[in-house]
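Reader: I'm new to reading protein structures. Could you walk me through one, a feature at a time?

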Amino acid sequence: MNNNVNHIERYQLGKLLDLLDSFECLMDDTVTGKLKSNEDYPNILLQASGKSSLTLRAMIHLCTYGFPDTALILARQIYEQSILLCFFEQKKQQSNFQDYVEDYYADYDLQIAQYNKWQAEKISKDQNKVSQYQQQIDAIHQKAHNKKKGTYWWAGYGSFKEIVDFLIDSVNSQYANHMTITHLLYMRACKEAHAGVLGNGLRLGSDPDMCGVDNSAKTSGYGLPLYFAVSSFSLIVYIVFGNLGIDGEKLIKECDELLDFYATVDHEEDKGI
């Protein structure tokens, strides 16, 4: 593709990459040799922020080479990490906060056991193994503090949407409006990711009057995924720095500047400017 440089300049991807480099340097200086790999909240912060930084780097490559739709799909992963950390922040002052942390880590063992059980049922067809894994699943549920069923049982909710609804109801009205708008972007990204008539037909940056399937690399349509991603990532940075005692005022300001820029770009692209 011959317009990669235009993408980097047009969407300030170099500035975004520098921001990620600064973030990771600050994190390295703070945690290297100081934090151990334990099943605790600081390590949840490290895992979530590390995965988000890596995902945002992948998005930069996609935006450089003309794939805003796939970038939007990745952006939803950063949003999910921001909601995860927001949930823990809301629960942090409760006396049973550690229960949520322990159940969060227990979910790792639960998912492994469920995966192994399904494999034993459908592939090896080993009933002894099926029983063994079911016993592991039952033991995890019995030991767990939260008894809720569903994907987000460890949080006391059955679904991701239920967690989002809880958070929206927990914050002030101004921020609740922001969270509602951001979740609408998440719903848009989910449609993009899933097979179906809407997801298969949507193409960011395509000519709306075009007939047929446009699989060409795009020269526009990047404002939406970049705004969505940076909005979520800036929240993650704020939470992580606050908990780890990192002075990140300059970096957070740079996040806000990029966020304003991508909001303007998204508005212009939506209006066809």
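Predicted model: local features only at pLDDT ≥ 70, side-chain atom pairs only at ≥ 80, totals over all residues.

Reader: Where does Leu235 sit, then?

Author: Leu235 is part of helix H10, which covers residues 223-244.

Reader: Is Leu235 buried or exposed?

Author: Buried, because its relative accessible area is 19% and the cut-off for buried is under 20%.

Reader: What share of the chain's residues is buried?

Author: Of the 273 residues in the chain, 44% are buried.

Reader: And what is the chain built from?

Author: Helices: the chain has 11 of them and zero strands. Going along the sequence, you read α-α-α-α-α-α-α-α-α-α-α. The C-alpha trace spans about 60 × 50 × 40 Å along its principal axes.

Reader: How much of the contact is between residues 24 or more positions apart?

Author: Take the contacts with a separation of 6 or more: residues 24 or more positions apart account for 72% of them.

Reader: How do I describe two helices that pack together?

Author: The general idea is that you give the angle between their axes and the distance between the axes. In this structure, take H2 (residues 13-31) and H11 (residues 249-270): their axes come within 11 Å and cross at roughly 155°. Angles over 145 degrees count as roughly antiparallel, so H2 and H11 are roughly antiparallel to each other. Their crossing is left-handed.

Reader: Which residues make that contact?

Author: From H2 you get Leu13, Lys15, Leu16, Leu19, Ser22, Phe23 and Leu26, while H11 brings Leu251, Glu254, Cys255, Glu257, Leu258 and Tyr262. Sort them by class and the contact has nine nonpolar, one polar and three charged residues.

Reader: What about phi angles? What should I look for?

Author: Most residues other than glycine have a negative phi. Here, Gln12 has a positive phi of about 50° although it isn't a glycine. Gln12 is in the loop between helix H1 (4-10) and H2. With a relative accessible area of 26%, Gln12 is partly exposed.

Reader: Which other residue has a positive phi near 50°?

Author: Lys125, and that one isn't glycine either. Lys125 lies in the loop between helix H5 (97-124) and H6. Its relative accessible area is 60%, so Lys125 is exposed.

Reader: What else is Asn146 in contact with?

Author: Set aside its neighbours within four places in sequence, and Asn146 is in contact with Tyr100, Asp103, Trp153, Trp154, Ala155 and Gly156.

Terms used: Residues numbered from 1 in each chain as written. Heavy atoms only, no water. Axes fitted to C-alpha atoms, helices over the stretch in contact; angles between N-to-C directions. Helix = DSSP H or I, 4+ residues; strand = E, 2+ residues; numbered from the N terminus. Parallel < 35°, antiparallel > 145°, perpendicular 65-115°, else oblique. Left-handed = near helix turned anticlockwise from the far one by under 90°. Contact = heavy atoms within 4.5 Å. Nonpolar A, V, L, I, M, F, W, Y, C, P; charged D, E, K, R; others polar. Buried < 20%, exposed > 50% of the residue type's maximum accessible area, 1.4 Å probe, protein only.
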